[in-house]
Amino acid sequence: MIQYILFDLDNTLYPVSSGMEEALQRRIIGYVMSFLGLSTEDALRMRREGISRHGTTLEWLIHEKGLTDIDGYYAAVHPDGEEADLAVDPELRPFLESLPVPRAILTNSPREHSDRILKKLGITDLFTHVFDMRWNGNRGKPLPVAFYRALEVLGTSPGETLFIDDYSRYVEGYIALGGKGVLLDEQDTHPDFPHPKIRHLRDLTTFL
Ligand SMILES: [Mg+2]
């Protein structure tokens with residue numbers, strides 16, 4: 001029996017096609033290039049390798065490259081006004097309100113980013129908790145600790161909590177803990193994903 005839904009934020013509560021992701025990726029690569037003094041090509045390659053060992057670019061830079069200015073990183077990749085062009089889907093709020101169980105957010109972004117996005121989407125009040133990357137000690141999904149800390153606060157277990165994310169590695173990480181995880185694969189980029197997946201957020205109700 002599902003008692004809670006734990007939502008990812010970016011590219012889950014708004015579509016990949018919003019352009020937010022593209023802009024974010026550009027800023028992250030720009031940061032890596034400048035921090036490590038790399039060409040675009042080398043930054044792309046090294047980051048790809050880095051995040052295969054760590055869940056996020058931030059954790060890679062902290063643990064392998066000596067990054068200490070964590071707030072500086074967040075400010076560079078999540079600047080004020082980043083949400084300016086994000087379109088609001090008028091069906092999102094009624095859909096979330098129609099869900100029969102409480103909702104929380106687990107995001108690998110800092111709180112200032114999630115606050116901006118939720119405000120822009122007009123859904124801040126629909127979540128009981130927002131677990132952000134800083135709250136989690138800058139340790140992100142798919143590390144078990146990132147999931148477990150959130151579930152502990154919610155007072156639920158992986159098996160009672162439905163987790164939805166657009167990133168397959170994070171969903172797999174949650175399922176590995178015995179959790180009920182669903183991949184949001186809007187553009188069907190993971191046709192062979194071996195676990196539950198949906199194309200539209202509204203199809204989440206299938207798992208409740
Ligand atoms: Mg996401």
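Colleague: Into which domains is the protein divided?
Modeller: The bounds come from an automatic or database domain assignment. This is a predicted model, where local features need pLDDT of at least 70, side-chain atom pairs count only at pLDDT 80 or more, and totals for chains, interfaces and linings use all residues. Residues are numbered from 1 along each chain as its sequence is written. The protein is divided into domain 1 (4–14 + 88–207) and domain 2 (20–77).

Colleague: How many residues of domain 1 are in contact with domain 2?
Modeller: Contact means C-beta atoms, placed from the backbone, within 7 Å. The domain centres, taken over C-alpha atoms, are 23 Å apart. On the domain 2 side, 9 residues take part; on the domain 1 side, 11.

Colleague: Which residues of helix α4 are buried, and why do they line one face?
Modeller: Buried means 20 or more other C-beta atoms within 10 Å of the residue's own; exposed means 12 or fewer, and partly exposed lies in between, with C-beta atoms placed from the backbone. Helices (H or I, at least four residues) and strands (E, at least two) are DSSP runs, numbered from the N terminus. In α4 (residues 70–77), the buried residues are Tyr73, Tyr74 and Val77. They line one face because, seen down the helix axis, they fall within an arc of 95° (directions from the axis to the C-beta atoms).

Colleague: Which residues have the most contacts inside the largest nonpolar core?
Modeller: A nonpolar core is a set of buried Ala, Val, Leu, Ile, Met, Phe, Trp, Tyr and Cys residues joined through C-beta atoms within 7 Å. The largest has 29 residues, and those with the most contacts inside it are Leu6, Phe7 and Ile164.

Conventions: Contact = placed C-beta atoms within 7 Å.
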